[in-house]
Amino acid sequence: MTEDRWTPPAVMLAVDLVILTLRESSLKVLLIERGVEPYEGAWALPGGFLRDAEEDLTAAARRELEEEAAMDAATLHLEHLGVYGAPGRDPRGRVVSVAYLAIAPGLPEPTAGTDAAGARWQPADQVLSGELELAFDHRRIVEDGVENARAKLEHSALATAFCAPVFTITDLQRVYEAVWGVSLDPRNFYRKVQRTSGFIVAAGPERKVTSGRPARLFKAGPRKVLYPPMIRPSEPSNTKGPEE
């Protein structure tokens, strides 16, 4: 009896990164312009193949971010987003990519390096809508990353990191609106925030003077996990109201 010998398939391993931040009250994703084929000239997520068989996956992700966008990966908390390995996703062969996610405030302007012809913060909504086309299956990876970030704002106090040390409820609402991609009713938002104990706390008697009535000032509270969570509305609201 002849035993068939199994030959392992040729599979290449890569990493991709979804880096999100807020700029000008808009959710932005870090993209690089590819300087080599395939998809030369197209926008894509920063990432690439492992350097060798001994390189750690997270180390590879940090290296690619530094090489392609000149961004110090040590300042970011990278977390595992997902694994993408559908046949045909890369014309160079069977490529499995491990994707990482980071969302953080105050990230610097990127600078293109190695095989990237450009690097830029691009509006996430243009990627999600398909207005801005990405190479490979990177639109799907961005979709998963944005959905993950939106869920984080429901269950954690992450939104306060994108505000100044002292902020108004309206400032906090703008963060939620930018990440969730919806307009929120100010009164409902105020009630939800105040119902979540320890999410934010009053920052003294001072008030911020705006075109309307003076607005109360707050700062981040001690609670990092929100309960009850800040659940996203099922339908966008365009109702406007006075600042609380």
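Predicted model: local features only at pLDDT ≥ 70, side-chain atom pairs only at ≥ 80, totals over all residues.
The buried residues of helix 4 are Ile169, Thr170, Leu172, Gln173, Val175, Tyr176, Glu177, Ala178, Val179 and Trp180. That makes helix 4 a mostly covered element, with 10 of its 12 residues buried.

As to geometry, helix 4 runs over residues 169-180 and reaches 16 Å from its first C-alpha to its last, close to the 16 Å expected at 1.5 Å a residue. Directly after helix 4 comes Gly181, whose phi is positive, near 75°.

The chain is divided into domain 1, residues 12-154, and domain 2, residues 156-220. Between these two domains, the contact takes 13 residues from domain 1 and 11 residues from domain 2. The C-alpha centres of domain 1 and domain 2 lie 30 Å apart.

Tyr39 and Glu177 are separated by 138 residues in sequence and by 33 Å in space, C-alpha to C-alpha. Glu177 is among the buried residues of helix 4, while Tyr39 lies in the loop between strand 2 and strand 3. Is Tyr39 buried, partly exposed or exposed? Its relative accessibility is 36%, and therefore Tyr39 counts as partly exposed. Leaving aside residues up to four places away in sequence, Tyr39 touches Arg34, Pro91, Ala135 and Phe136.

Arg34 brings me to the pocket. The largest pocket has a volume of about 290 Å³. Its lining comprises 23 residues, of which Arg34, Gly47, Gly48, Phe49 and Arg92 are the closest to its centre. Which elements each supply at least two residues of that lining? They are strand 1 (12-23), strand 2 (26-34), strand 4 (47-49), helix 1 (57-69) and strand 6 (95-103).

Why does Glu64 count as buried? The reason is that its relative accessibility is 7%, and the cut-off for buried is under 20%. Beyond residues up to four places away in sequence, Glu64 touches Val15, Leu17, Gly47, Gly48, Phe49 and Ala69. Among these partners, Gly47, Gly48 and Phe49 also belong to the residues closest to the centre of the largest pocket.

Terms used:
Residues numbered from 1 in each chain as written. Heavy atoms only, no water. Helix = DSSP H or I, 4+ residues; strand = E, 2+ residues; numbered from the N terminus. Expected span 1.5 Å × (residues − 1). Buried < 20%, exposed > 50% of the residue type's maximum accessible area, 1.4 Å probe, protein only. 1 Å grid on protein atoms, 1.4 Å probe; cavity = no way out; pocket = protein on both sides within 12 Å on 5 of 7 lines; lining within 4 Å. Points joined across faces, edges and corners; volume = space filled by probe spheres on them. Domains from an automatic or database assignment. Contact = heavy atoms within 4.5 Å.
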